[in-house]
Amino acid sequence: MGKAMAVNLLRHGFKVTVWNRTLSRCDELVQHGASVGETPAAVIKKCKYTIAMLSDPAAALSVVFDKHGALEQICGGKGYIDMSTVDADTSSQISQVITSKGGSFLEAPVSGSKKPAEDGQLVILAAGDKDLYDQVVPAFDVLGKKSFFLGQIGNGAKMKLVVNMIMGSMMNAFSEGIVLADKSGLDPHTLLDVLDLGAIANPMFKMKGPAMIKNSYPPAFPLKHQQKDMRLALALGDENAVPMPVAAAANEAFKKARSLGLGDHDFSAVFETLSK
Ligand SMILES: NC(=O)C1=CN([C@@H]2O[C@H](COP(=O)(O)OP(=O)(O)OC[C@H]3O[C@@H](n4cnc5c(N)ncnc54)[C@H](OP(=O)(O)O)[C@@H]3O)[C@@H](O)[C@H]2O)C=CC1
Ligand SMILES: O=CCCC(=O)O
């Protein structure tokens, strides 16, 4: 995601300095015109605005708090925008330390996967510092087709988790439907055609269905991240005493898929749990 987003910014004339834990993964971006910062702190030192796109809460915290992390160089006049999918508490911790050093902070997780990231078609769910939001709208306009400003820190994280909880639950129901159609003697391709014409037609079924029928799961949104999002959404449900039996069952299926070694496949690979 980070690579696709950086390429888009470069294409649209933004000056971009990149860092990645595995630094060699920056090479392709250098070919597109990016400079490399040796550490997160070096990126912050050089740039007025820094965007983070990291796997999970532990990674997001590590890049801020660890040695040579963002916190070492953040100061007044600099903005830090975390676009990773994390929980509200992680986001609040980051916001607190960034602002305590005079920096401004925005959480801005995204809907949309690898292709929308490449095409600048993400949906951006921002919350936090409104001034910073207004300053970075030109970059958001390149990265996404629509940005929402959702108010106080945590609201972006929560909205993202609710959306992904629904998506993960739908993927499980969809998988069961394909298997049920197949095992009961129907053509699963016809099922896709029927679904596509009715009230529950959606881009996810349309894009992923044909590959799933062939047991092919080219990674767009890695299954391990979808399971992380189910886990974080269920924790949000715990906090708010919201019963979520459907999401809990979907989370179990994603955990099972991870145990089968499918974590780096697309999250549609949860389909495999139905035949294993
Ligand atoms: N893929 C998708 O379709 C979407 C993903 N997201 C969210 O965006 C985020 C990134 O997803 P995606 O790009 O797919 O994930 P990837 O697994 O492809 O990339 C994860 C990134 O996090 C880095 N990272 C992991 N752990 C650490 C750590 N401890 N310290 C520093 N860096 C670390 C990795 O570095 P390294 O290269 O060294 O491993 C890599 O750059 C996730 O929060 C995901 O949920 C949101 C919308 C869509
Ligand atoms: O967090 C990942 C979302 C993937 C998508 O919206 O297609």
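Helix α8 packs against helix α9 (residues 188–196) at an angle of about 130°, with the two axes 8 Å apart. This angle makes α8 oblique to α9. The model is predicted: local features need pLDDT of at least 70, side-chain atom pairs count only at pLDDT 80 or more, and totals for chains, interfaces and linings use all residues. Residues are numbered from 1 along each chain as its sequence is written, chains are lettered from A and ligands numbered from 1 in the order in which they are written, and side-chain values use heavy atoms, without hydrogens and water.

Axes are lines fitted to C-alpha atoms, for helices over the stretch in contact, and angles run from 0 to 180 degrees between N-to-C directions. Angles under 35 degrees count as roughly parallel, over 145 as roughly antiparallel, 65 to 115 as roughly perpendicular and the rest as oblique. Helices are DSSP runs (H or I, at least four residues), numbered from the N terminus. The crossing of α8 past α9 is right-handed (the near helix is turned clockwise from the far one by less than a right angle).

Helix α10 (residues 203–213) also packs with α8. Here the angle is about 45° and the axes are 11 Å apart. The pair α8 and α10 is therefore oblique. α8 passes α10 in a right-handed crossing.

Helix α8 (residues 155–183) also gives the shell around ligand 2 its largest share, three residues. That shell consists of Ser111, Gly112, Ser113, Lys160, Asn164, Met167 and Phe221 (a residue is near if one of its heavy atoms lies within 4 Å). Two of these residues are nonpolar, four polar and one charged. Nonpolar covers Ala, Val, Leu, Ile, Met, Phe, Trp, Tyr, Cys and Pro; charged covers Asp, Glu, Lys and Arg; the others, Gly among them, are polar.

Polar contacts are pairs of N or O atoms within 3.5 Å. A polar side-chain atom of Lys160 lies 2.7 Å from an oxygen atom of ligand 2. The side chain of Asn164 places an N or O atom 2.8 Å from a ligand 2 oxygen. For Gly112, a polar backbone atom is 2.8 Å from an oxygen of ligand 2. Taken alone, ligand 2 exposes 250 Å², and the protein buries 81% of that (Shrake-Rupley method, 1.4 Å probe).

Ligand 1 has 23 residues around it, of which Asn20, Thr22, Arg25, Ser113 and Lys228 come nearest. By class, 10 are nonpolar, nine polar and four charged. Both α4 (57–65) and α11 (223–239) supply at least two residues of this shell. The largest share, three residues, comes from α4.

An N or O atom in the Thr22 side chain is 2.5 Å from an oxygen of ligand 1. The Lys228 side chain has an N or O atom 2.8 Å from a ligand 1 oxygen. At Thr85, a polar backbone atom is 3.1 Å from an oxygen of ligand 1. On its own, ligand 1 has 900 Å² of accessible area, and the protein covers 85% of this.

Methods:
Polar contact = N/O pair within 3.5 Å; in protein donor to acceptor, adjacent residues only side chain to side chain.
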